[in-house]
Amino acid sequence: MVLNFAINVDTIYMMNKTLISIVGPTAIGKTALSIKLANHFGTEILSADSRQFFKEMQIGTAAPTPEELAAAKHHFIHHKSIKDTYNVGAFEKEAISTLNILFKTYDTVIMVGGSGLYVDAVNKGLDDFPEVEKSIRETLNNDLETKGLSHLQEQLEQLDLVAYNTIAIDNPHRVIRALEICIGTGKPYSSFLKKGKVKRQFKTITIGLTTERETIYNRINKRVDLMMQEGLLDEVKSLVPYKNLNALNTVGYKELFNYLNEEWPLDFAISEIKKNTRRFAKRQLTWFKKNEETLWFDFMTPKEDIIKHINQNIS
């Protein structure tokens, strides 16, 4: 009897490749670190920040500056329009395809971004959710129109506190998606997470940046002030005709739309941007802390120390 010990050469080849994934709350310095690591390892960067995909949204998403983009080659920055239909499933396919190409040239590739769902889609694959009746979503959309987002948020808090504390609670599409799973299956949306994850052929090392919450919040407040100085209000004014698009239903834009609609004073709108961004940062940390394999560093840690830890994990 002859046994066939066929070896998948491509699998062995990819097992020697490493994706360094940089995560953490907004305004913590992920972009700066990603460029330093890309330059050190002589490689390129994938963005997993779902707001930075759209070319019309530059200032309000804190996208890399032209100087930063020139310092290292980036992928998935401003490659879509707010008018395009684009979701995490499409991103996963494109990101994995891009990685397969990059790994033919580089042993190491950098990925950076604060969108937890998009980061996990690359590292672990998407969760497999059961089909539910379409009428449930139709009812929830109607509730959104008639009762408002806060009503749906309260409903989700009662049905699935874990999801309420981790998903983008200010995004009605995410809230409705979680609720339709809860209602349609009778089980929490969060109970379907982390099931049936794919095992990537490449190795992933996740680097998390953090610091004391007060420092994070101060950095966020300063960043919002800087965005306003750089012309965020003018950017939002140019997007008023498209304000109902899903891509623009996000922090930094929706608050200024309320100001332009004469619903809020400008000072209050800016304070709401800061408050909502701080809440977003808190949810980011909650999401990323779930990964027990993440190597966490204070944002002031010298680059050399982080590289040392990375090299120890690659070998």
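This is a predicted model: local features need pLDDT of at least 70, side-chain atom pairs count only at pLDDT 80 or more; totals for chains, interfaces and linings use all residues.
Q: Hi! What order do the strands of the sheet come in?
A: The open sheet has six strands, ordered β3-β2-β4-β1-β5-β6, and their pairing is parallel. At the edges sit β3 (74-75) and β6 (295-298), each of which pairs on one side only.

Q: Let's look at β4. Is it buried or exposed?
A: Strand β4 (residues 108-112) has five of its five residues buried, so the rest of the structure largely encloses it.

Q: Which residues cover which side there?
A: Thr108, Ile110 and Val112 are on one side, with Val109 and Met111 on the other, and all are buried.

Q: What does Ile22 face in β5?
A: Ile22 stands opposite Ile207 in β5. Strands β1 and β5 (residues 203-210) pair in the parallel sense over six bridges.

Q: Switching to helices, where does α5 lie?
A: Helix α5 (residues 116-123) lies across β1, β4 and β5, at about 165 degrees to β1. Seven of its eight residues are buried, and the buried ones pack against elements including α4 (88-102), α9 (172-185) and α13 (266-288). After α5 comes Gly125, with a positive phi near 90 degrees.

Q: Nice. How many aromatic pairs are there?
A: The count comes to nine aromatic pairs. One of them is Phe53 with Tyr86, edge-to-face at 5.5 Å centre to centre, with 85 degrees between the planes. Those partners are 33 residues apart, Phe53 in the loop between β2 and α3 (66-71) and Tyr86 in the loop between β3 and α4.

Q: What about Phe91 and Tyr118?
A: Phe91 and Tyr118 make a tilted pair, 5.4 Å centre to centre and 55 degrees between the planes. It links helix α4, which holds Phe91, to helix α5, which holds Tyr118.

Q: Why does Tyr118 count as buried?
A: Its relative accessibility is 7%, and buried means under 20%.

Q: Last one: which ring does the charged end of Lys290 sit over?
A: The charged end of Lys290 sits over the ring of Trp287, 4.0 Å from its centre. Lys289 lies over the face of Trp296, at 4.2 Å from the ring centre.

Technical notes: Residues are numbered from 1 along each chain as its sequence is written. Side-chain values use heavy atoms; hydrogens and water are left out. Buried means under 20% relative accessible area, exposed over 50%, partly exposed in between (1.4 Å probe, protein chains only). Helices (H or I, at least four residues) and strands (E, at least two) are DSSP runs, numbered from the N terminus. Two strands pair if DSSP finds at least two bridges between them. Contact means heavy atoms within 4.5 Å. Axes are lines fitted to C-alpha atoms, for helices over the stretch in contact, and angles run from 0 to 180 degrees between N-to-C directions. Rings of Phe, Tyr and Trp (its six-membered ring) pair if their centres lie within 6.5 Å; planes under 30 degrees apart count as stacked, over 60 as edge-to-face and the rest as tilted. A charge sits over a ring if NZ of Lys or CZ of Arg is within 6 Å of the ring centre and within 35 degrees of the ring normal.
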